[in-house]
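Trainee: I would like to go through a structure feature by feature. Please give the general idea each time, then the case at hand.

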Amino acid sequence: MRTRTIFAVLSGVMIIASACRKEKSQEGTPVEELCSYAPYYTGSSFAYTNTTIDDDVTEYSVTVTGDSTIDGKKYKMLETDLDGSIAFSRCEGGVYTQVATDVALQGYEADIIISTNLKDNVRAGSSWEDTLSADTPLGYAKLTLTYTITQKDISKTVLTETFKNVIGVRMDASATIMGFPVDLGTLATNYYAAGVGLIQVDTDSDTTRITSYTINKP
């Protein structure tokens, strides 16, 4: 569950002086400035439910616990209550970067993954790639993650809440091992709502949905 948690949160995954509890609403979310698709203010929290194709359900929450500096850049720390996993996220000019450590992905293991999981300043149909090294039983492999904006500025209902200004991002993967290409297919499609962040993740084996959230904007 650790890998799913990390990527559900970040593939994922930065509203007034006191915390504001967001209840279910049919009004959706307003258009906000660049970087509104990751409102990761310290003290903010997000609750999710993960349902597999076998109807196994896991509930967990993610809390923004503070700041960290990686390669001279400021990131927000995100911690889950499921296993204590910590990941990192930052946004600058509408470009979102995530960092996760000790990740297993489709049988490939990496000490660290740094990827651009979202760009809210590009059109639908736009795509970009990240490359990284991963460990396999056959040795190190080059892993390529390809992100594509599949939808933009749509409305999407998750459980009982309808979100507006939603962006859909498909994540595909391929690998090169000992010179041979391997297509890993689509890993997930992530949906982000302005002012809320990650609201849903769809894969072939499960779906993760947001159930509630508290945004603690200073």
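Mentor: Start with two residues: Tyr-40 and Phe-46 are both buried, where buried means under 20% relative accessible area with a 1.4 Å probe, counting protein chains only. This is a predicted model, in which local features need pLDDT of at least 70 and side-chain atom pairs count only at pLDDT 80 or more, while totals for chains, interfaces and linings use all residues. Residues are numbered from 1 along each chain as its sequence is written, and side-chain values use heavy atoms, leaving out hydrogens and water.

Trainee: What share of the residues in the chain is buried?

Mentor: Of the 218 residues, 50% are buried.

Trainee: How is a pair of aromatic rings described?

Mentor: By the distance of the centres and the angle of the planes. Rings of Phe, Tyr and Trp (its six-membered ring) pair if their centres lie within 6.5 Å; planes under 30 degrees apart are stacked, over 60 edge-to-face, and the rest tilted. The whole structure has four aromatic pairs. One of them is Tyr-40 with Phe-46, edge-to-face at 5.6 Å centre to centre and 85° between the planes.

Trainee: Which charged end sits over the ring of Tyr-191?

Mentor: The criterion is NZ of Lys or CZ of Arg within 6 Å of the ring centre and within 35 degrees of the ring normal. Over Tyr-191 it is Lys-156, 4.2 Å from the ring centre. Arg-90 lies over the face of Tyr-75, at 5.7 Å from the centre.

Trainee: What is a disulfide, and which residues does one join here?

Mentor: A disulfide is a covalent bond between the sulfur atoms of two cysteines; the search takes sulfur pairs within 2.5 Å. It finds one in the whole structure, between Cys-35 and Cys-91, with S to S 2.0 Å. The torsion about the S-S bond is about -80°, so the disulfide is left-handed. Cys-35 is buried at 15% relative accessible area, and Cys-91 is buried at 17%.

Trainee: Which residues touch the most other members of the largest nonpolar core?

Mentor: Such a core is a set of buried Ala, Val, Leu, Ile, Met, Phe, Trp, Tyr and Cys residues joined through side-chain atoms within 4.5 Å. The largest has 43 residues, and Phe-46, Leu-118, Leu-145, Phe-163, Ile-199 and Ile-210 touch the most other members.

Trainee: What does Ile-199 touch?

Mentor: Contact means heavy atoms within 4.5 Å. Leaving aside residues up to four places away in sequence, Ile-199 touches residues including Phe-163, Ile-210, Lys-156 and Tyr-191.
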